[in-house]
Amino acid sequence: MVVGQTWSHHHRVRPNPLLTYMIRRLISAVVLLFVVSAVTFAIFFLLPRVAGATADDLASRYVGKTAGQEQIHAAAVRLGFTDPIWVQYGRFAKGIVVGSEYNTGVSIEQCPAPCLGYSFITQNPVLPDLLDRLPVTLSLAAGAAVLWLFGGVATGVVSALKRGSPIDRTAMGIALAGVSLPIFFTGLLALSIFSYGLGWTAQGGSYTPFQENPLMWAYDLLLPWITLSFLYAAAYARLTRAGMLETMNEDYIRTARAKGLRERDVVVRHGLRAALTPILTIFGLDLGLLLGGAILTESTFSLNGVGKYAVDAVANNDLPKVLGVTLLGATFIVVANLVVDLLYAVVDPRVRVS
Amino acid sequence: MTASTAPSPDTDVTRGEPLLRVTNLTKHFPIRRGLLQRTVGAVQAVDGLNFEVAKGETLSLVGESGCGKTTTGRMLTRLIEPTDGLLEFEGKDVTHSSMRALRPLRRDVQMIFQDPYGSLNPRHTVGTIVGAPFKLQNIKTEKGIKRSVQDLLELVGLSPEHYNRYPHEFSGGQRQRIGIARSLALRPKLIVADEPVSALDVSIQAQVINLLEDLQDEFDLTYVVIAHDLSVVRHMSDRVAVMYLGKLVEIADRDELYTRPMHPYTTALMSAVPVPDTNRRTKRERIRLTGDVPSPINPPPACRFNTRCWKAQEVCRTVEPPLVAMAPGHQVACHFPENPDGAPAEPALLDTPRTRADDAPATREDDPTA
Amino acid sequence: MSQPSPSPSSPAGPPSGSSADGTPAENAPAEKRSRRRREAPPSTGLDGIGGLGAAAPDTFLSVRDLRVHFPTDDGVVKSVDGISFDLARGKTLGIVGESGSGKSVTSMSIMGLHKPGTVTMTGSIRLGSEELIGAGSETVRELRGKRMAMIFQDPLSAMHPFYTVGHQIVEAYKMHNDVSTSVAKKHAVEMLDRVGIPQASSRVDDYPHQFSGGMRQRAMIAMALSCDPDLLIADEPTTALDVTVQAQILDLIRDLQSEFNSAVIIITHDLGVVAELSDDIMVMYAGRAVEYATAADVFERPEHPYTWGLLSSMPRLDRARTDRLRPIPGSPPSLINVPSGCPFHPRCAYADRTGGLSQSQRPPLDEKAPGHYAACHLTPEQRTEIWENDIRPTL
């Protein structure tokens, strides 16, 4: 028969496969980040050159409108546009790994590793700015994630168990709306009803750090959380429902019932346990993606997070900022992916062996 | 129908020239592991097979899971490439032929699969499925493809009106007939049938077996049947090859094998087959093999059966028994064969065992390779 | 083996067969062999069509006129349509049939495993003193695993991939016994050891995928027997296994049955497997029992043309090789549109000999010989003649 069906197995001593696996994944994660940085760099710095822009053309955006040719050229030299592209990238990569010096035009600044460069416009280093914004984004994403995970999974399970019932149809109808409606619509709707209309929640634009006042922190973020989690919960409810419908037809569910287990245990311990595994993967990716900036939500609720930072950077054509946000987002996604894969090995014993 | 398909006890006398010959046929699947994904070992799925298939005969490969019979079938049809050895079809070496060079072989050698559900594309009509070989090989038939397909459908006991239907509208037996019609489209010389009836109900199995036999007579087909059901194999085959863990342990003419099995594994296999007769269970003492088939990654040394064999001695663990002829047309790879002096067990089934190993209720299934 | 020889068991009539019980029955208690099975005459049965009357006193599981219908958009699927049988402790009933004959649906009905709301079940299933049809779902759930247990065809998919084998046995044992986890774990190790898992105390922490196919089925059996059930249902327990492993598992089931003295139902399409294990056999076709008798009777004096067809269509290792198999023509009917009269008549070679009865009237499951039931319109003379002249010589 096909090889592998009935080998006998197990208890063979060999180097810890999980550790080997982790090391392999870490190396590939580093390689991936390097590729991401190179590609991003190429898009912002190489493409304009390919399209015919000279170093001075590029630099002209970052000096005053009245600047003369010499000033522009001086800026181009200072910003490094006159160097060959690989020298520019080398400088950028070196900054990340060992730190770098940057000429801001006024002074020479030391930028310790990991250095993501300096804004062309504000002359501020990118990384500290980003880290300043991170707590906002982190709070937003974490709170919403908890809400949508519980809300979405619970809805999905109930829908699957009551398949075809009014509960199922209502839930799936709402879920469809949640998936289809853009966040700036649901967000503005929620704002106008709950904060401007009823006055129950904050009006947006305010953020209280958790360590200062946890209650205010939650109060400020409640509406963004709900809005953001509504979008995701809808998708998770549909995913959970589909997963549950599938696993509840598995043979091992029949076995669990044949053992006389209570239906609640059958559903939660046997059905949901298996159905949740693929959802875990998507959850990790979604969370990673969100940490790179919940752009629409932050804009809608005027929260000063990473997403807002990214929007501003793009609007101002501030290349180092854009590059920094992109790399930060990529790092989160790669890390989330790694964590999910390792969690998978914990959750599903079959992964551990192969 | 050639003489060799007749149920005569001496089929080896009348066997024709070989259509297919394999010499030292081997397939190892590499196992990669570790940081650099180095090859650390191999699944020795098939290891050094030697046999011939004569024109017009039916040769069956039997054995349990992991014995390599399916891998062998896939090599015979060149769906996979052998790691080592020689595969000759009509005297021509096709062991490592390229896809292009294989085109003629693809006409002459066809495959029938076990699962009539999985092997038919659910989105294609029966006409498309059965007609596909014509299109793939760019063959113009005299009466047009549609007519030819309808002829084929009639041939396998379906109706020409089924042309525009989809596979899901058919029962399991009918689907297997569709698969057979497809395999016959290009008038192949050799058909490799991998468990052709094991997914079918008992009453349908017989229909399909009879159909395969009729088609063999009508088109002078040669069959290699891969199966685990020893009763079906006995009914369909002229010769039978028994495989264990990638090795051929015994090959003989059907009647010879079933009346005088020589390899202990063959006798154990036959003795394990449940028989629809309640008298048997009281009279019959069986040979009970303990444990499962060991891993083909680390097969037992020398004779691969030595870990489960009740006759095994030291030599079985140190010297691999060669496959040698112990009787005309009867080759066995064993140091201590059963029935060596031609006294066949009476009747076809072995009612008297050599020994019994089942007194201990807790049969051990440890991995001898661990 | 619980029965050293085919003894006249459940469906057998008055102990007329005890003389056939030639060998001394060491394992079977004397009262078992001499029991009588039926007080009431066949016509007064609970079930208008099956000839079975009231259950014999030692019957442990008694099914009467069980009907399991699934309403669908295309019509009502009559998966089981009026079957009756009895089973005593220590006995094995083999249910044989092709796919769609209703054999698995029957077992799922006994276990109460059909999804509520998708099925209508009528008739009677008595387990000991409990009536299962119409019983509350909580009542049936508490019986599951404790008094009746089941093993399935594919032990890999039937075990949860994320939990260790031991955990899955512990879960079953703790459900029905108020014990600590460590006690339950000890019990799990004992059970694994009993079913022949080597190094049970370490293998108990393995996951199902680390077991071989045969060991997985052994572990399933250990799980099913962990609460010492009175009834064990084995649904195609060896179909997914290799033939040498199948023989091991059949031996194991037989050994354990005599040890635990449970009633066993074995469901299979393989006549060889039922011949190995069963005391009685019920042959099902299109949701109905067409023949019900002792195993010896079914194989030596079958009364129904479908059973004849099954026996003549299979190649047999224990007989001389025939040149050609004799298949049953056609394929099993749709359970939505079961043919009128005898559901087998479109495929039956002898249906034209009953003067149209086969086409118009459903044949009742009658006692054709003592303890031997069959649902066929042929007269006894016709059946004897066909069996002796047409069928038997060709087997």
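**Close-up views of a predicted three-chain model**Among contacts in chain C between residues at least 6 apart in sequence, 62% join residues at least 24 apart; two residues are in contact if their C-beta atoms, placed from the backbone, lie within 7 Å. The model is predicted: local features need pLDDT of at least 70, side-chain atom pairs count only at pLDDT 80 or more, and totals for chains, interfaces and linings use all residues. Residues are numbered from 1 along each chain as its sequence is written, while chains are lettered from A and ligands numbered from 1 in the order in which they are written.

**View 1. Overall make-up of chains B and C.** Chain C has 14 helices and 12 strands, and chain B has 12 helices and 12 strands. Helices (H or I, at least four residues) and strands (E, at least two) are DSSP runs, numbered from the N terminus. Of the 395 residues of chain C, 57% count as buried; of the 370 residues of chain B, 51% do. A residue is buried if 20 or more other C-beta atoms lie within 10 Å of its own, exposed if 12 or fewer, and partly exposed in between, with C-beta atoms placed from the backbone. In chain B, residues 24 or more positions apart account for 68% of the contacts with a separation of 6 or more.

**View 2. The open sheet of chain C.** Four strands with antiparallel pairing make an open sheet in the order E2-E1-E4-E5 (chain C). Two strands pair if DSSP finds at least two bridges between them. Strand E2 (75-88) and strand E5 (130-131) of chain C are at the edges with a single partner strand each, so one side of each has no neighbour in the sheet. Strand E1 (residues 59-72) of chain C runs antiparallel to E2(C) and is joined to E2(C) by 11 bridges. One bridge partner is C:Ala88 in E2(C), paired with C:Thr59. Helix H2 (residues 103-111) of chain C packs on the sheet and touches E1, E2 and strand E4 (120-127) of chain C, its direction making about 70° with that of E2(C). Axes are lines fitted to C-alpha atoms, for helices over the stretch in contact, and angles run from 0 to 180 degrees between N-to-C directions.

**View 3. C:Leu127 in strand E4.** C:Leu127 belongs to strand E4 of chain C. This residue, C:Leu127, is buried, with 21 other C-beta atoms within 10 Å. Leaving out residues up to four places away in sequence, C:Leu127 touches C:Leu61, C:Leu132, C:Leu143, C:Arg147, C:Met148 and C:Leu231. C:Val68 is 59 residues away from C:Leu127 along the chain, and their C-alpha atoms are separated by 18 Å.

**View 4. The open sheet of chain B.** The order of this open sheet of four strands, with antiparallel pairing, is E2-E1-E4-E5 (chain B). Strand E2 (38-54) and strand E5 (92-93) of chain B are the edge strands, each pairing on one side only. Strand E1 (residues 18-33) of chain B and E2(B) run antiparallel and are joined by 12 bridges. In E2(B), B:Leu49 stands opposite B:Leu25. Helix H2 (residues 69-76) of chain B lies across E1, E2 and strand E4 (84-89) of chain B, at about 70° to E2(B).

**View 5. The contact between chains B and C.** Chain C puts 47 residues in contact with 45 residues of chain B. On the side of chain C that touches chain B, the elements giving two or more residues are helix H8 (213-225), helix H9 (243-260), helix H10 (271-277), helix H11 (295-300) and helix H12 (305-313) of chain C. H9(C) gives the largest share of that side, eight residues. By class, this side of chain C has 21 nonpolar, 13 polar and 13 charged residues; Ala, Val, Leu, Ile, Met, Phe, Trp, Tyr, Cys and Pro count as nonpolar, Asp, Glu, Lys and Arg as charged, and the others, Gly among them, as polar.

**View 6. Helix H12 of chain A.** In helix H12 (residues 306-315) of chain A, the buried residues are A:Val306, A:Gly307, A:Lys308, A:Tyr309, A:Ala310 and A:Ala313. The buried residues of H12(A) pack against helix H5 (126-161), helix H11 (295-300) and helix H13 (319-347) of chain A. A:Asn317, which follows H12(A), has a positive phi near 60°.
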